[in-house]
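Please look through the sequence and the model below before reading on. The paragraphs that follow lead through it step by step.

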Amino acid sequence: MTDAVETRLPDPVSAEPATRKKTCAVRIGKGPGSVIVGGGAPIVVQSMTNTDTADVDSTVTQVLALAQQGSELVRITVDRDEAAAAVPHIFEKLAKKGCHVPLVGDFHYIGHKLLADHPACAEALAKYRINPGNVGFKDKKDRQFAAIVELAAKHDKAVRIGANWGSLDQELLTHLMDINAASDRPIDARAVTREALVRSALISAARAEEIGLKKDRIVISAKVSAVQDLIAVYRMLAARSDYALHLGLTEAGMGSKASSPPPRRSACCSRTGIGDTIRVSLTPEPGGDRTLEVKVAQEILQTMGFRTFVPLVAACPGCGRTTSTVFQELARDIQEHIRERMPIWRAQYPGVETLNVAVMGCIVNGPGEIEARRYRHLAPRHGRDPGAPVFIDGKKAMTLRGEGIAEEFTKIVDEYVVRRYGGVKEGEAAE
């Protein structure tokens, strides 16, 4: 695919525009559960299973958990015949359980063969995920890339075309490095690699269109580990195309290491309108909760004001005025309760994600939070046997005391959700 490469590299002092035109809208999936990526639609959250796809039951269980947490696309590995054969069974079992989240097939090296040999798999998947850098080698590369794209067009499926820093087309990179070396004004080698990444993605997308895939079936991704490289690459992609873009950061890591790069990445790219779908690639602790990557992605988007997924629970950090730990325990318990209830609430009570709850231990700032933000508010007082005034929509409703404050307050929250978002009038019994 290097024939279409320009022989001129960008001016080393030029800067890519910071904003972009509206991206092409890509519908992924059909019927209930389908999502729009790009075209001004809200940023879509996606995730990936880590089960053996050939293990149908385990994969179904994990997809259900990810979807219930709020993942709007779920990627599964399709790496061999057994996995490809399992995909339609996974799709059917999910549908029987009422789960219609679009499934994305992750292919490498033999995707063309698996899709051709397993047409039921090709039909069950909503999107094919391929990396032109590893669809094949040498003379097979273009042919196998074309085979996958032709199958996608035949089945009317979206394709994610990804360029990856770790598996970049070496022929293209070498070609650009040679051009740079012969230039009167050579640029930094890292900048050349960024350019190769961008061109690889755009050349592959253009080739897919030539083969017959429509632009509204293409999503581009550039996988980069370093945050600054990713920002630069996506600014370049945004300036040169209107393809829908997937934001992905490789090696996000574990624990606190994972919490830093994604927010910086999203803040720098999304605030300028760059990015239509996002995955936060977290490495879970052994036996850990796979849905954490969905929660982190949602928290990033919600904190930045792009979307609202769950009710906010505001809590103060505590200080010398808060000698009781009651408010800390309440904040933890209420946050967990809301998370557990959200899959049910989301289905039954439209708009519940906009609910605001505050658990404050401060007699100085707590009242102001109520008046300024009209939070439903619980503020345990100072002391060993605190009273907890409860404010609903800015007005004091009651004071809770004793050992069962957390249980009483969660009940009040449940009743409020039913009344406020379920159409139950004041004074009626909540189910």
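Which residues in α7 meet which residues in α8? The model in view is a predicted one, and in it the α7 side of this meeting consists of R190, R194, E195, L197, V198, R199, A201 and L202, while the α8 side consists of Q228, D229, A232, V233, M236, L237 and R240. Sorted by class, the contact of α7 with α8 has eight nonpolar, one polar and six charged residues.

Among the contacts between residues at least 6 apart in sequence, 68% join residues at least 24 apart.

For α7 and helix α8, which spans residues 227-240, the angle is about 45 degrees and the axes are 10 Å apart.

In passing α7, helix α6 makes a right-handed crossing. On the α6 side the contact is made by L172, L173, L176, M177 and N180, and on the α7 side by A189, V192, T193, E195, A196, R199 and S200. By class, this contact of α6 with α7 has seven nonpolar, three polar and two charged residues.

A further partner of α7 is α5. The two helices α5 and α7 pack at an angle of about 60 degrees, with their axes 9 Å apart, which makes α5 oblique to α7, and α5 passes α7 in a right-handed crossing. Here F145, A146, V149 and E150 in α5 meet S204, R207, A208 and I211 in α7, and the contact has five nonpolar, one polar and two charged residues by class.

T193 has its place in helix α7, and because its relative accessibility is 13%, T193 counts as buried. Leaving aside residues up to four places away in sequence, T193 touches W165, L168, L173 and M177; of these, L173 and M177 were named above on the α6 side of the contact with α7.

Two other buried residues lie elsewhere in the chain. S47 has its place in strand β3, residues 44-48, and at 1% relative accessibility S47 counts as buried. The side chain of S47 makes a polar contact, at 2.7 Å, with the side chain of S71. When residues up to four places away in sequence are not counted, S47 touches L66, S71, L73, V74, R75, R279, E293 and V294.

T53, in turn, is placed in the loop between β3 and α1, the latter being residues 56-69, and at 2% relative accessibility T53 also counts as buried. Although T53 and I76 are 23 residues apart along the chain, their C-alpha atoms are separated by 6.7 Å.

Finally, what are the phi values of Y109 and D156? Phi of Y109 is near 70 degrees, a positive value in a residue other than glycine, and Y109 is found in the loop between β5 and α3. At 41% relative accessibility, Y109 counts as partly exposed. D156, which is not a glycine, has a positive phi of about 55 degrees, and D156 is found in the loop between α5 and β7. With a relative accessibility of 43%, D156 counts as partly exposed.

Terms used. Residues numbered from 1 in each chain as written. Predicted model: local features only at pLDDT ≥ 70, side-chain atom pairs only at ≥ 80, totals over all residues. Heavy atoms only, no water. Left-handed = near helix turned anticlockwise from the far one by under 90°. Helix = DSSP H or I, 4+ residues; strand = E, 2+ residues; numbered from the N terminus. Contact = heavy atoms within 4.5 Å. Nonpolar A, V, L, I, M, F, W, Y, C, P; charged D, E, K, R; others polar. Buried < 20%, exposed > 50% of the residue type's maximum accessible area, 1.4 Å probe, protein only. Polar contact = N/O pair within 3.5 Å; in protein donor to acceptor, adjacent residues only side chain to side chain. Axes fitted to C-alpha atoms, helices over the stretch in contact; angles between N-to-C directions. Parallel < 35°, antiparallel > 145°, perpendicular 65-115°, else oblique.
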